[in-house]
Amino acid sequence: MPTALELGAEVFSADRIAARVEELGAEINAHYLTGDLIVLGLLKGSFIFLGDLVRNIPRPLQVDFLVASSYGSGRSTSGDVRLLYDPETGLRGKHILLVEDIVDSGNTLNRLVRLLRGREPRSLEICALLHKRIARSLELEPRFVGFNAPPLFLVGYGLDHAEDYRHLPFIASLEAPKE
Ligand code: PRP
């Protein structure tokens, strides 16, 4: 059965991801000494990362999610992000940690940061598992980053290609099939 793209080399193994997520959890735990912490996962890509991350943060916290509209209106940083699911948890006066699987162009984060700042949290920080370091300007640089990501199309551990591959326990590149 021909497919347009095939799974390529493993880029981050499950063991390497687990070790780094444990470190990130410790960093986050040490950062938030007081106050209410809401860990906000951006769906769908963050669902596995968020599940592993919060189990490595021993302090009290609450988990909620955001579902933002996709690039339907083009790839411009329009600022008019639409939430398909808005957190039920009140955000005002609380520490918000927005969890992303990957920062690519940074457009998604830029729009969400503007929106979340409008909710008047006590603080707003970003935790991204992967950062491609190609975003031209970020409203808020992620304070917690798992790995710098190579300029490849990556799948697995939440990241998809046309909704496939999210369930892989490792992260791999996707490549055109060899002739
Ligand atoms: C992907 C990824 C990030 C975003 C990064 O989400 O999960 O949220 O793109 O790209 P950017 O930095 O260029 O904005 P996508 O819209 O594919 O939705 P998904 O999380 O459901 O996969």
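This report walks through a predicted model of a protein, from its overall build to a few local details.

## Overall picture

Let's begin with the whole chain. The protein has three helices and nine strands, and along the sequence these follow the pattern β-α-β-α-β-β-β-α-β-β-β-β. The radius of gyration is 16 Å, close to the 16 Å that the globule rule gives for 179 residues, so the protein is as compact as a globular protein of that length.

The C-alpha trace spans about 55 × 40 × 30 Å along its principal axes. Of the 179 residues, 44% are buried. Contacts reach across the sequence too: among those between residues at least 6 apart, 69% join residues at least 24 apart.

The mean pLDDT of the protein is 90, with 91% of the residues reaching 70 or more. One stretch calls for caution: over residues 72–78 the pLDDT stays under 50. For that stretch, the model has eight contacts beyond four places in sequence. Where pLDDT is low, the predicted coordinates should not be read in detail.

Strand S5 (residues 95–103) runs parallel to S6 and is joined to it by eight bridges. Within this pairing, Leu97 stands opposite Glu125 in S6. To get from S5 to S6 the chain passes through helix H3 (residues 107–117), making a right-handed β-α-β crossover.

S6 also pairs with strand S7 (residues 144–148), again in the parallel sense, over four bridges. Here Ala128 is found opposite Val145 in S7.

Asn110 sits in helix H3, and its relative accessible area of 5% makes it buried. A polar atom of the Asn110 side chain lies 2.7 Å from the backbone nitrogen of Glu139.

## The three-stranded open sheet

Elsewhere in the fold, three strands form an open sheet in the order S1-S9-S8, with antiparallel pairing. Strand S1 (6–12) and strand S8 (154–155) are at the edges, each with a single partner strand, so one side of each has no neighbour in the sheet.

S8 and strand S9 (residues 171–175) pair in the antiparallel sense over two bridges. In one of the residue pairings, Val155 has Ala172 in S9 as its bridge partner.

## Backbone details in the loops

Glu163 counts as partly exposed at 43% relative accessibility, and Tyr165 counts as partly exposed at 22%.

The peptide bond joining Leu43 and Lys44 is cis, with omega at about 5 degrees. Lys44 is part of the loop between strand S2 (37–43) and helix H2 (47–54).

Technical notes: Residues are numbered from 1 along each chain as its sequence is written. This is a predicted model: local features need pLDDT of at least 70, side-chain atom pairs count only at pLDDT 80 or more; totals for chains, interfaces and linings use all residues. Side-chain values use heavy atoms; hydrogens and water are left out. Two strands pair if DSSP finds at least two bridges between them. A crossover is right-handed if, with the strands pointing away from the viewer, the path from the first strand over the helix to the second runs clockwise. Buried means under 20% relative accessible area, exposed over 50%, partly exposed in between (1.4 Å probe, protein chains only). A polar contact is a pair of N or O atoms within 3.5 Å; within protein, one must be able to donate a hydrogen and the other to accept it, and residues adjacent in sequence count only if both atoms are side-chain atoms. pLDDT is the predictor's confidence in each residue, from 0 to 100. Contact means heavy atoms within 4.5 Å. The radius of gyration is taken over C-alpha atoms; the globule rule is 2.2 Å times the number of residues to the power 0.38.
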